[in-house]
Amino acid sequence: MKKIFNLFFVAGIIFLGFFSGCTKKTVNNGKINVVATIFPVYDWAKNVVGDSDGINLELLVKNGVDLHSFQPSAADIIKISTADVLIFVGGESDSWIKDVLKNPANKNMIVLNLMDLLGNSVKQEEFIEGMTGEKSENSFEEKTNSHSHDEVEYDEHIWLSVENAKTAAAKISEILCEKNSENAELYEKNKNSYIQQLAQLKKFYNPQNEKTKTIIVCDRFPFRYMTDELGIKYFAAFVGCSAETEASFETIAFLSRKIQELDAQKVYVSESSDKKIAETVIKNAGKIGKCKIEVLDSMQSVTFEQSEKGKNYIDTMKENYKKLSE
């Protein structure tokens with residue numbers, strides 16, 4: 001979805017345009033300034049940094065605003081433009097960052113665009129049977145083949161793949177070693193330890209039977225990277241980046257039938273759901289009291305305060321895996 005820039009963005013661009021000519025490389029008490037846009041990316045970097053005193057690591061989106069609806073302030077733009085290292089997802093929701101980077105105040109900044117890093121591992125948005133706004137397979141192919149590469153819609157939720165997390169952690173370590181070589185041994189050690197922890201996550205996914213390898217999600221579906229990695233089939237109300245808020249009658253009926261066919265004892269929603277669609281689907285399926293609603297955490301709305309209190313990527317993925325196993 002296209003970003004609508006607010007007045008703060010315009011003000012920030014003007015501010016930077018005025019000052020960029022006289023802005024030197026920004027340091028914080030001699031530390032390297034690293035800015036990560038969203039929580040999962042910040043948490044990967046946090047684990048690589050460890051207790052190093054050479055890095056000032058900052059989470060940009062601190063207040064739990066979803067990546068897709070985040071509106072940068074002038075201060076946010078300045079943080080981006082003056083960072084020594086910038087780590088961001090790189091999808092359409094980050095298009096404002098790409099504009100800022102056309103003329104950054106810090107010309108020596110190292111930029112890590114994760115979707116560029118992951119290359120062919122990045123998935124296109126997937127419309128499947130039953131979704132509101134669903135396109136047939138043929139029409140979807142016609143759409144993607146008739147547009148330029150830049151107009152293809154990609155799924156931005158890359159952090160929900162543990163393999164992607166490993167790749168990103170390794171690259172973050174490489175960058176930090178380059179920028180802060182005196183602590184390179186520590187970053188390398190932390191990276192190896194973190195990747196080992198990530199590799200252990202899959203043991204927490206133990207499906208009870210083949211039926212549990214198909215899930216019903218009465219919500220948007222940002223979890224494709226995770227379900228593809230685990231070999232899980234899914235049905236959902238909307239694609240992950242959908243702007244839709246109301247499921248169609250056809251979608252409600254379709255998901256209700258799937259509950260009956262699979263004799264599903266639970267349906268899933270994301271952490272931001274009001275659960276109304278799930279409740280309607282369960283009611284229409286005649287499964288009130290027999291089918292519960294389970295929340296999967298896409299980590300799109302994690303606040304800095306939650307991070308400071310101990311919320312982290314590995315524990316969140318572990319809980320998601322456990323819930324998908326039941």
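Buried means under 20% relative accessible area, exposed means over 50%, and partly exposed lies in between (1.4 Å probe, protein chains only). Helices (H or I, at least four residues) and strands (E, at least two) are DSSP runs, numbered from the N terminus.

This is a predicted model, in which local features need pLDDT of at least 70, side-chain atom pairs count only at pLDDT 80 or more, and totals for chains, interfaces and linings use all residues. Residues are numbered from 1 along each chain as its sequence is written, and side-chain values use heavy atoms, with hydrogens and water left out.

Start with strand β4, residues 85-88. Both of its faces are covered. Val-85 and Ile-87 are buried on one side, Leu-86 and Phe-88 on the other.

Two strands pair if DSSP finds at least two bridges between them. Strand β2 (residues 31-36) pairs with β4 in the parallel sense, over three bridges. Here Ala-36 stands opposite Ile-87 of β4. Strand β5 (residues 110-113) also runs parallel to β4, and four bridges join the two. Val-85 stands opposite Ile-110 in β5.

How does the chain get from β4 to β5? It crosses through helix α4 (residues 95-100), and this β-α-β crossover is right-handed. Right-handed has a set meaning: with the strands pointing away from the viewer, the path from the first strand over the helix to the second runs clockwise.

## Helix α11

Now take helix α11, residues 276-284. Ile-277, Ala-278, Val-281 and Ile-282 are buried in this helix. Seen down the axis of α11, its buried residues fall within an arc of 130° (taken from the directions from the helix axis to the C-beta atoms), so they line one face. An α-helix has 3.6 residues a turn, so residues three or four places apart point the same way.

What covers the buried side? The cover includes α10, β8 and β9 (292-296), where contact means heavy atoms within 4.5 Å. The face turned away carries the exposed residues Lys-276 and Lys-283.

## Positive phi values

Most residues other than glycine have a negative phi. Asp-263 and Lys-275 have positive values.

| Residue | Phi | Place | Relative accessible area |
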